[in-house]
Amino acid sequence: MQRPLPPEDYKLKETSPHLGGGGIAGDKLTTTYDLVEQMQYLYVRVVKAKDLPAKDLTGSCDPYVEVKLGNYKGMTKHFEKKTNPEWNQVFAFSNERIQSSVIEVMVKDKDLVKDDFMGRVVFDINEVPKRVPPDSPLAPQWYRLEDRKGDKAKGELMLAVWMGTQADEAFPDAWHADAAAVHGEGLANIRSKVYLSPKLWYVRVNVIEAQDLLPSDKGRYPEVYVKGVIGNQVLKTRISQSRTINPMWNEDLIFVAAEPFEEYLILSVEDRVGPNKDEVLGKCVISLQNVERRLDYKAVNTRWFNLEKHVIVDGEKKKETKFASRIHLRICLDGGYHVLDESTHYSSDLRPTAKPLWKPSIGVLELGILTAQGLLPMKTKDVRGTTDAYCVAKYGQKWVRTRTIIDSFIPKWNEQYTWEVYDPCTVITIGVFDNCHLHGDKALGTKDSRIGKVRIRLSTLETDRVYTHFYPLLVLHPSGVKKMGEIQLAVRFTCSSLVNMLHIYSQPLLPKMHYLHPLSVMQLDHLRHQATQIVSMRLSRAEPPLRKEVVEYMLDVDSHMWSMRRSKANFFRIMGVLSGLIAIGKWFDQICNWKNPLTTVLIHVLLIILVLYPELILPTIFLYLFLIGIWYYRRRPRQPSHMDTHLSHADRVHPDELDEEFDTFPTSRPADMVRMRYDRLRNVAGRIQTVVGDLATQGERVQSLLSWRDPRATALFVTFCLIAAIVLYITPFQVVALLKGFYVLRHPRFRSKLPSVPLNFFRRLPARTDSLL
């Protein structure tokens with residue numbers, strides 16, 4: 001059994017890497033890669049060859065190029081029967097792996113038995129020129145091929161050889177010596193890539209009415225409803241109350257659709273002729289390309305659509321020509337909403353769908369993904385553990401994926417990415433995964449494994465400061481929380497306009513339409529699930545694909561599922577919030593009980609001052625809050641937030657609760673275990689039920705003060721109110737406030753341990769608990 005790690009291993013570790021080739025405080029270099037460590041690479045661009053000698057009986061050859069540096073070899077693809085081939089391929093060799101003083105570029109002829117040598121070009125590495133962006137790319141040149149003795153051979157090769165860094169534009173698509181073992185389809189799966197989420201819209205279909213329906217059984221009142229389908233989304237209206245052939249609904253169906261609109265909106269009018277038996281009275285198919293787009297809640301024009309009735313003829317659907325049924329609809333694409341595909345607690349984008357409604361950006365977020373250390377083996381290869389790690393970062397609509405570092409527990413990516421920021425109250429998510437598709441997609445069902453995830457809220461970052469830390473990569477397993485390693489990130493949030501950023505704090509978090517015409521919580525939850533499915537499906541079709549399991553982990557698809565651990569964590573979060581009020585209550589109780597007489601006397605003096613000069617009450621409160629804020633400024637957090645195992649209740653969770661959290665939905669556990677968990681859930685729900693009942697009881701007692709449910713109690717209260725009104729009308733308010741304050745702060749000698757008269761009276765008031773079954 002693995003020993004639990006000390007809490008220090010779950011914390012952030014501040015680092016001081018040499019960013020951009022220099023220190024953090026140094027002058028910014030002209031390169032955009034100033035948040036990562038520079039990595040030197042030897043680049044070889046093989047463009048094309050000409051006048052190659054014939055090597056077979058047909059007077060042609062099957063050429064390819066082999067680039068050799070020490071023990072590392074990279075090869076282009078070969079061409080059949082071609083003496084003037086074009087490859088245009090780049091090879092990259094890390095400076096750390098250069099084992100030779102020369103680089104050899106050889107042209108060979110592909111053969112069944114042994115490939116024939118056709119010629120080569122040799123470069124001395126010390127003579128290779130250096131290039132630093134934004135310098136223009138090095139122009140390739142023609143080089144005469146030489147034989148192994150150094151004599152001229154037939155044919156020429158167009159090459160460019162230079163020393164550069166990972167900032168070079170040739171870097172992402174280059175063949176890397178580090179990944180020499182990966183071939184074919186696997187090469188696409190290890191490259192870095194930038195993705196864009198599809199543009200999501202809410203499709204609002206207002207079903208108004210239908211006319212001239214033709215049910216098969218004309219002797220019964222039809223029970224008609226409308227079913228809408230877009231892709232995998234299926235929604236239904238209620239059954240129309242007007243049970244005629246001209247039913248009315250006036251009901252909204254809301255779907256999620258993504259540009260480009262590939263699916264059609266299919267509406268069918270159906271009649272409930274029996275239990276689980278529906279008859280289709282007509283259908284219409286609507287292209288979303290032609291649907292009106294709106295930016296606010298102004299009504300769009302309604303339209304009538306003809307319904308096509310289908311009959312089954314020899315297994316095929318055939319249209320009836322004489323059919324006049326139609327449906328009245330109001331359809332639009334709502335661009336004033338933000339389509340939620342993430343949890344609102346850590347959204348990375350809050351802008352509405354329609355671009356004309358976007359506010360200008362307020363700054364730039366820069367992320368340098370440097371390195372990782374201490375990664376655990378994620379799979380076994382050749383009887384030893386290995387990990388092929390890559391990172392994915394998501395902010396707004398832009399996703400980035402780093403290249404995969406093959407077989408390394410201390411991978412170095414040193415890749416930098418930039419996002420525009422429109423709202424500081426957003427979160428960037430960085431996930432680390434193990435690539436299980438190095439040999440293409442041959443292994444069906446194989447999923448990329450999670451190594452860990454980091455979230456950083458932009459509003460907690462100081463502007464223009466570079467944060468460089470090692471973040472712990474923590475994953476919850478059925479056996480408990482596990483540290484999978486650490487990732488080193490460099491983060492900088494640069495604000496372009498402080499005034500605009502401060503102004504955003506006064507604006508609604510979501511677009512106006514969410515407040516003027518809100519969607520229900522159930523609708524938002526359903527639509528978020530559909531949006532997540534669409535995003536994961538579209539990104540999984542990219543090249544290389546961003547796989548479904550990666551997207552769902554980054555978007556926290558399962559965050560709404562029941563978890564005893566999360567419930568406990570949220571309970572203790574509430575207790576943490578209330579602890580301040582509880583501490584104030586305890587402090588005031590000590591004042592009232594004269595635990596520190598000097599403090600109590602000072603509170604008396606403060607009470608007298610505030611009662612005599614009530615205009616000082618609000619200034620005193622705000623001055624006090626100001627002083628508290630200034631006092632806490634010294635202890636402000638100096639590090640970004642990170643995954644907290646203690647807050648998440650992950651460091652002391654029961655194994656059975658974890659097993660329940662990792663259970664499928666619906667459950668796949670044995671009946672006895674499900675029964676035990678159900679009983680435990682009933683026990684917890686019983687306690688919650690008791691607390692809710694107690695709150696309801698106190699509220700009903702307040703209502704009973706004036707409801708005459710207990711006539712004697714209400715008579716006493718009404719009489720007291722009359723006397724209090726007369727006394728307070730005659731007596732100055734300041735006198736009443738002073739007397740009340742002195743009474744509350746009276747010495748313990750004048751206190752009774754029994755409950756007060758008002759409390760006794762309140763507890764005797766009736767509630768409606770005696771009417772419950």
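I took two strands as paired if DSSP finds at least two bridges between them. The model I looked at is predicted.

**Entry 1: the five-stranded sheet**

I looked up the strand order in one open sheet and read S1-S31-S32-S23-S28, with antiparallel pairing among its five strands. At the edges I noted strand S1 (13–14) and strand S28 (412–421), each of which pairs on one side only. I then went through the pair made by strand S31 (residues 466–477) and strand S32 (residues 480–495): the two run antiparallel and are joined by twelve bridges.

**Entry 2: Thr371**

I next went to Thr371, which lies in strand S23 (residues 363–373). Is Thr371 buried or exposed? I count Thr371 as buried because its relative accessible area is 13%, and the cut-off for buried is under 20%. I followed the side chain of Thr371 to the backbone oxygen of Pro411, which it reaches at 2.6 Å. That distance falls in the range for a polar contact, where the pair of N or O atoms must be within 3.5 Å. I also listed the contacts of Thr371, leaving aside neighbours within four places in sequence: Ile410, Pro411, Lys412, Trp413, Phe470, Glu486, Ile487 and Gln488.

**Entry 3: the S13–S14 hairpin**

I moved on to strand S13 (residues 224–230), which runs antiparallel to S14 and is joined to it by four bridges. In this pair I found Gly228 opposite Leu235 of S14. The hairpin has two residues between the strands, and Gly231 takes a positive phi near 60° there. Which residues of strand S14 (residues 233–236) are on its covered face? I read Gln233 and Leu235 on the covered face of S14, with Val234 and Lys236 on the uncovered one. In a regular strand the side chains alternate between the two faces of the sheet.

**Entry 4: the whole chain**

I finished with totals. The chain has 13 helices and 32 strands. Its radius of gyration is 36 Å, whereas a compact globule of 773 residues would have one near 28 Å. Along the principal axes, I noted that the C-alpha atoms fill a box of roughly 120 × 85 × 55 Å. Buried residues make up 42% of the 773 residues. The accessible surface comes to about 44,200 Å², and carbon and sulfur atoms account for 58% of it. I also looked up contacts between residues at least 6 apart in sequence: 70% of these join residues at least 24 apart.

Definitions and conventions:
Residues numbered from 1 in each chain as written. Predicted model: local features only at pLDDT ≥ 70, side-chain atom pairs only at ≥ 80, totals over all residues. Heavy atoms only, no water. Buried < 20%, exposed > 50% of the residue type's maximum accessible area, 1.4 Å probe, protein only. Polar contact = N/O pair within 3.5 Å; in protein donor to acceptor, adjacent residues only side chain to side chain. Contact = heavy atoms within 4.5 Å. Rg over C-alpha atoms; globule rule 2.2 N^0.38 Å. Areas by Shrake-Rupley, 256 points an atom, 1.4 Å probe, with all protein chains shown as cover.
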